[in-house]
Amino acid sequence: MTSPRIEIDLRKIRQNTQVLVNGLAAHEINVSGVTKAVCGDPAVARAMLEGGVSELVDARVANVLRMRRAGIECPITLIRPPMPSETDEIVQTCETSYNTEIDVIADLSAAALRKGKVHNIVLMVEMGDMREGIMPDDLARIASSVVEMPGVALAGIAANFACMGNVAPDAGAMSILSSLANEVEGACGPFLETVSGGSSANLPWALGLGPKGRINGLRLGEAILLGIEPISGLPIDGLHTDAFTLVTEVIESQIKNNTGPLHLIENSSSELHVVRDNLCRARLVTAIGLQDTDIHGLRFPVDIALIGATSDHMVLETKNIAIRVGDEISCQINYCALMRAMNAQDVKKIYIDEMAQNSRTLNKPSRTALTVV
Ligand SMILES: *Cc1c(COP(=O)(O)O)cnc(C)c1O
């Protein structure tokens, strides 16, 4: 089969979504499915929708357009503040956008009026992540200006944690966000439909026992796709952590014990730490490189360790000298490696889906259907 490739198990993504949607429904929190790490891949987006997310969310208009062209009609929210140069496209393709700049909201308002639409505005509040966001003291004033603008509707407020900074959102921060929601309503009247508390990093708080206040939404990417809680890096109980597998092909396998001291790059997530001994080892060169993924975000099979990579080659070492040219090495991947691989045109995307199997390969029930795009 063609390689390098990323195998995407849509069943696992659907199941992860279902588990999170059901778990959070018990706390009256809606889940928005974040598609940016898969570049708006429509098959993954559909798996999230089938798993029960209330809307899709992406950071880039290009990804939103890709989903719209594939026929996805659900509400889509742009979570990166708009570039002023793209406000027309945003009003055309997204029901809602996250905003922090009143001048850009004015552009969205003008674009919406030209198109005869009403565009929803969620105001992002800065609560310590040090990325985008309105300072809490300015929030009520900006919210009041939005309420007065035609063509836009104030739909809610949102906060963001642990995207740039590594600060975990806690009950204190969530209760401040709830108070801000009340304050905004005190200042401008309309009921805020959405109070979006954050991302996968908020799950320990959201699934915990404490009160949820006004928080009624989370935007989940990593937890759905990789089953991982980003701050601890630990797997989340009940979720699949192997929905994505990156497969690369060996183009050289030779015993090379004669080359001076190697500076091995330790693959900290691998079980194997290469220890110098007298065992025979094969050096493997595989046909994938820095252009295709984040090499340091790969987790290799236990008997394989990373030596290094260049733009087009990845070099591994193994005690398994049976591995030959043409053999494939499968790796599990982290968020950064996933994002880069999904964006790499030379990495083929292969979809594994039981639903497709049922409709297309009825005479081969034991095999899983693979769809190549
Ligand atoms: C990427 C992003 C998310 C999703 O984060 P995950 O850790 O993947 O759940 C949520 N909100 C914003 C604003 C983001 O940029």
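**A friendly note on this predicted model**

1. Let's start with a single residue. T35 counts as buried because its relative accessibility is 0%, and the cut-off for buried is under 20%. Please keep in mind as you read that this is a predicted model. To find T35, look in the loop between β2 and α2.

2. What does T35 touch, leaving aside residues up to four places away in sequence? Its contacts are G40, A45, M48, L56, V57, D58 and M67.

3. Now step back to strand β2, which covers residues 30–34. This strand runs parallel to β9, and 4 bridges join the two. One place to check on screen is N30, which stands opposite G217 in β9.

4. Stay with β9, residues 217–220, for a moment.

5. Next comes a pair of helices, α1 (residues 10–25) and α2 (residues 42–50). They pack at an angle of about 40°, and their axes are 7 Å apart. Their crossing is right-handed. On the α1 side, the residues that meet α2 are L10, I13, R14, T17 and Q18; on the α2 side, they are A43, V44, A47, M48 and E50. Sorted by class, this contact has 6 nonpolar, 2 polar and 2 charged residues. Notice that M48 of α2, which takes part in this packing, is also one of the residues T35 touches.

6. Further along is helix α6, residues 136–148. Which of its residues are buried? Look for L139, A140, I142, A143 and V146.

7. Finally, the whole chain. It has 11 helices and 19 strands, and 51% of its 373 residues count as buried. Among contacts with a separation of 6 or more, 65% come from residues 24 or more positions apart. The chain exposes about 17000 Å², and carbon and sulfur atoms supply 52% of that area.

Key:
Residues are numbered from 1 along each chain as its sequence is written. This is a predicted model: local features need pLDDT of at least 70, side-chain atom pairs count only at pLDDT 80 or more; totals for chains, interfaces and linings use all residues. Side-chain values use heavy atoms; hydrogens and water are left out. Buried means under 20% relative accessible area, exposed over 50%, partly exposed in between (1.4 Å probe, protein chains only). Two strands pair if DSSP finds at least two bridges between them. Axes are lines fitted to C-alpha atoms, for helices over the stretch in contact, and angles run from 0 to 180 degrees between N-to-C directions. A crossing is left-handed if the near helix is turned anticlockwise from the far one by less than a right angle, and right-handed if clockwise. Contact means heavy atoms within 4.5 Å. Ala, Val, Leu, Ile, Met, Phe, Trp, Tyr, Cys and Pro count as nonpolar, Asp, Glu, Lys and Arg as charged, and the others, Gly among them, as polar. Accessible areas come from the Shrake-Rupley method with a 1.4 Å probe; for residues, only the protein chains shown count as cover.
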